[in-house]
Amino acid sequence: MLNILIISDEAKGIASLFKSTGYTPDTRDMKQAGTAPANADAASDNYDIAFLDLDTENWQERLLDARHSMPVIAFSHPDLHRAVEALKLGAGDYLEKPLTADVLSEVIGRHKKKILSNKYGFDEIIGNSAPMQEVFGLIKKAAASESNVLITGESGTGKELIARAIHRWSPRSERSFTTINCTAIPDTLLESELFGFEKGSFTGAQYTKKGLLEQADGGTVFFDEIGDVSPLFQTKVLRVLQEGEIMRIGGMRQIRVDLRFITATNRDLKIACQRGGFREDLFYRLNVINIHLPPLRERMEDVALLAKHFVQKHAHKRKDVLIKCISGEALSLLLEHPYPGNVRELENIIERSISFANTSEILPVDLPPNLRQAQAPARPRASAQRLKDALSAVEKETITAALLESGGNISRAATLLGIYRQQLQRKIKQHNIAV
């Protein structure tokens, strides 16, 4: 369910319209708010979308404050000048009074893809762990800003998904999202690909061509693997960032471009700057807002949620059987794996398992061999059994000591023991340890 905020002198009356569409919004009645500061009106991170009445006092300040945390839908009595001003200040849409339930349903439906309606993430970016909740908060703030964003993280963590989510949630969502794989453009073609060329500017230039940056004017440009580009590439991109202008090869004039830049890398650019491999001035221009994606091994509590999502995503590829879920035994094996390939590896494992499954649920036998081999076979010998009992007693004693030291905090105890929280929870249950 969406968390909707209404800011208006008539907030309570408008709220009844929302209730008829199935939503129960929070309201800020500005007549009752008195002299409260503008930034108190939009208690930022608690709402997914705001409806702002432009007939209220100081609506400009309230719009500027709210847009940093959520999309804002402006509404008022018919006033073209006020509507244009609101859209320029960052409102995502404008409605005329009197509002109707049908209009509200339509506009909420239109904006729903831009809104964090899934409590576990944005579209395919899934996670209920604390690190991912922090990432989702940064996405919302980055989307409301025009500043450049640098997304960092290991390969396979989903950096491009983050970039696309920022674009979809931003005021530029109706314009283009252009992905440029930095390592795929050789220096010999760099200028013609990025900036384009004029007819006759060089041998073979039989027509005028717009470059990728000119084509993306008004939209978002995503530079993937920016940490691996050549010094020439860095110089050319820096000039665009500084001047907001490009020039085609053979051109006689600068062309203004309005672009929002999002970049991604799996390298540590600070270290690259220290070693002279990356321009420091370019780094600071790109790294205005930094979003770091944690590796999957640091958010193992998201594995089950992600696995379920990937089952739903890829189940349609089997035409002979409907794969609905993952068995508990198979999920236990998934939770023991370290995932060097991160989320991309987990998706690959689930898609492969769907191809091998013979029933409606994924079983351990359907998982890749390397995951199954991690499960040690039982040893029935008496001597081995005695050793197992001894090791179990030591393990139980060690876990109990860690829990006492951590004051019963399972996450802290898991850190002390050097294992994942999920592993510790299973061992606590296995040894019947009271927490």
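A crossing of two helices is right-handed if the near helix is turned clockwise from the far one by less than a right angle, and left-handed if anticlockwise. The legends below describe a predicted model, in which local features need pLDDT of at least 70, side-chain atom pairs count only at pLDDT 80 or more, and totals for chains, interfaces and linings use all residues. Residues are numbered from 1 along each chain as its sequence is written, and side-chain values use heavy atoms, with hydrogens and water left out.

**View 1. Helix H3 crosses helix H4 in a right-handed manner.** Helices (H or I, at least four residues) and strands (E, at least two) are DSSP runs, numbered from the N terminus. H3 spans residues 59-66 and H4 residues 80-88; their axes come within 10 Å and cross at roughly 30°. That makes H3 roughly parallel to H4 (under 35 degrees; over 145 is roughly antiparallel, 65 to 115 roughly perpendicular, the rest oblique). Axes are lines fitted to C-alpha atoms, for helices over the stretch in contact, and angles run from 0 to 180 degrees between N-to-C directions. Trp59, Gln60 and Leu63 of H3 meet Arg82, Glu85 and Ala86 of H4 (contact: heavy atoms within 4.5 Å). By class, this contact has three nonpolar, one polar and two charged residues (nonpolar: Ala, Val, Leu, Ile, Met, Phe, Trp, Tyr, Cys and Pro; charged: Asp, Glu, Lys and Arg; polar: the others, Gly among them).

**View 2. Helix H13 packs against helix H15 at about 50°.** The axes of H13 (residues 303-314) and H15 (residues 342-356) are 9 Å apart. That angle makes H13 oblique to H15. The crossing is right-handed. H13 residues including Leu306, Phe310 and His314 meet H15 residues including Leu346, Ile350 and Glu351. The contact of H13 with H15 has nine nonpolar, one polar and three charged residues.

**View 3. Phe197, Phe202 and Tyr207 form one aromatic cluster.** The whole structure holds seven aromatic pairs (ring centres within 6.5 Å, using the six-membered ring of Trp; planes under 30 degrees apart are stacked, over 60 edge-to-face, the rest tilted). Phe197 and Phe202 pair edge-to-face, because their ring centres lie 5.0 Å apart with planes at 70°. Phe197 is buried at 7% relative accessibility, whereas Phe202 is partly exposed at 37% (buried: under 20% relative accessible area; exposed: over 50%; partly exposed: in between; 1.4 Å probe, protein chains only).

**View 4. Ile262 lies in strand E15.** The strand covers residues 260-265. Ile262 is buried, with a relative accessible area of 0%. Its C-alpha atom is 6.0 Å from that of Leu150, 112 residues away along the chain. Beyond neighbours within four places in sequence, Ile262 contacts Val149, Ile151, Ala163, Ile166, Thr220, Val221, Phe222 and Phe223.
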